[in-house]
Amino acid sequence: MRLATWNVNSIRSRIDRVAEFLDRQDIDVLAMQETKCRDDQFPFERFDELGYEVAHLGVNQWNGVAIASRVGLTDIEFAFPDQPGFDKDAGESLLSTPVVESRALGATCGGVRVWSLYVPNGRTLNDPHYTYKLEWLAALRDNGTKWLAEDPQARIALVGDWNIAPTDDDVWSVEFFTDKTHTSQPERDAFDAIVDTGFADVMRPFAPGPGVYTYWDYTQLRFPRKEGMRIDFILASPALAGKAKDAMVDREERKGKGASDHAPVIAEFDD
């Protein structure tokens with residue numbers, strides 16, 4: 001199986017690039033984040049023409065996750081159990097309630113349980129969204145622990161845009177990110193806690209870094225200056241990680257007109 005994850009930053013704007021990528025890289029399963037559209041706006045027909053089944057979760061121009069598979073797509077879940085919501089009106093209205101955002105979508109594809117994840121950004125270290133991010137990751141960790149306890153041989157892939165650079169090698173400048181999100185110790189601890197449950201970063205052994213990035217901001221010529229971050233990951237359960245035979249970042253998809261600010265991460269697994 002060739003599994004990829006890609007924050008496409010609007011599927012409607014980049015469907016042609018996604019279609020070309022699927023063909024060029026011979027992808028079996030693609031998890032997408034930031035689709036930025038409602039279900040009725042998603043280009044299902046284009047994927048169907050390419051031979052892929054698709055599950056999508058999106059409600060507006062923000063967030064949105066999807067999984068496209070040509071090796072089966074069953075047991076779809078729209079959010080993981082006890083996934084936290086975010087209350088953007090907290091403190092302003094007694095009637096406000098947290099909303100479970102379109103950030104997690106699970107499906108079984110070719111015997112692998114794939115979760116497409118768009119982890120909250122955090123915004124700033126003192127923003128309510130930062131607390132939400134840590135709570136969201138803690139709930140994901142608890143689920144991962146439960147899934148592996150129930151079936152240690154389960155083949156599970158937690159993939160997507162994690163909005164965390166877990167080590168100093170995963171950012172172009174440690175000094176630049178001082179006192180910013182994505183590199184704070186609580187965020188890194190939250191990422192490590194999921195790894196500690198048994199999920200492995202399958203790309204690191206094949207592309208250890210430094211200088212291996214998956215995201216480059218559109219501003220300040222970050223991409224040509226090689227000023228990026230590695231924040232997109234494929235974390236695999238023990239039974240799946242042991243079958244990893246290759247992994248890479250497809251930097252070609254960050255080049256040219258109309259590119260997303262993220263590049264796809266690809267991992268190949270033996271049957």
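Biologist: Let's start with Asp75: is this residue buried or exposed?

Modeller: Asp75 is exposed, with a relative accessible area of 57%. The areas themselves come from the Shrake-Rupley method with a 1.4 Å probe, and for residues only the protein chains shown count as cover.

Biologist: What should I know about the model before I read on?

Modeller: This is a predicted model, in which local features need pLDDT of at least 70 and side-chain atom pairs count only at pLDDT 80 or more, while totals for chains, interfaces and linings use all residues. Residues are numbered from 1 along each chain as its sequence is written, and side-chain values use heavy atoms, with hydrogens and water left out.

Biologist: Where does Asp75 lie, and what is its phi?

Modeller: Here is the general idea. Most residues other than glycine have a negative phi, and most peptide bonds are trans. Asp75 is not a glycine, yet its phi is positive, about 50°. You can find Asp75 in strand E5, residues 74-77. Strands (E, at least two residues) and helices (H or I, at least four) are DSSP runs, numbered from the N terminus.

Biologist: What is the phi of Asp82?

Modeller: Asp82 has a positive phi too, near 60°, and is a residue other than glycine. Look for Asp82 in the loop between E5 and strand E6 (104-109). Asp82 counts as exposed, at 72% relative accessible area.

Biologist: Which residues are joined by a cis peptide bond?

Modeller: Gly209 and Pro210 are, with omega at about 5°. Pro210 sits in the loop between strand E9 (200-201) and E10.

Biologist: Now for charges. How many salt bridges are found in the whole structure?

Modeller: Side chains of opposite charge can pair when their charged atoms come close. A salt bridge here is a side-chain nitrogen of Lys or Arg within 4 Å of a carboxyl oxygen of Asp or Glu. A search of the whole structure gives 23 salt bridges.

Biologist: Which residue does Glu268 meet in a salt bridge?

Modeller: One partner is Arg2, at 3.1 Å from N to O. Glu268 lies in strand E12 (residues 265-269) and Arg2 in strand E1 (residues 2-7), so this pair ties together parts that are 266 residues apart in sequence. Glu268 is partly exposed, at 23%, whereas Arg2 counts as buried, at 16% relative accessibility.

Glu268 also forms a salt bridge with Lys245, the closest N and O atoms being 4.0 Å apart. Lys245 is in strand E11 (residues 244-249) and Glu268 in strand E12, so the pair ties together parts 23 residues apart in sequence. Lys245 is partly exposed, at 44% relative accessibility. A network of salt bridges links Arg2, Lys245, Glu268 and Asp270.

Biologist: How far apart are the closest N and O atoms of Glu227 and Arg222?

Modeller: They are 2.5 Å apart, and the two residues form a salt bridge. Glu227 is buried at 11% relative accessibility, and Arg222 is buried at 10%.

Biologist: Which residues gather in a patch of negative charge?

Modeller: Patches are made of residues with over 30% relative accessible area and no salt bridge; like charges are joined within 9 Å, and nonpolar side chains (Val, Leu, Ile, Met, Phe, Trp, Tyr) within 5 Å. Lys and Arg count as positive and Asp and Glu as negative, with His and the chain ends not counted. The place of a charge is NZ of Lys, CZ of Arg, CG of Asp or CD of Glu.

On this surface, Glu45, Asp48, Glu49 and Glu53 form a negative patch. Helix H2 (residues 44-50) supplies the largest share, three residues. Glu49 lies in helix H2 and is exposed, at 63%.

Biologist: And Asp232: is that residue buried or exposed?

Modeller: Asp232 is buried, with a relative accessible area of 1%, and belongs to strand E10 (residues 232-236). Contact means heavy atoms within 4.5 Å. Not counting residues up to four places away in sequence, Asp232 touches Asn7, Gly160, Asp161, Thr214, Tyr215, His262 and Val265. The C-alpha atoms of Asp232 and Tyr215 are separated by 7.8 Å, and the two are 17 residues apart along the chain.

Definitions and conventions: Buried means under 20% relative accessible area, exposed over 50%, partly exposed in between (1.4 Å probe, protein chains only).
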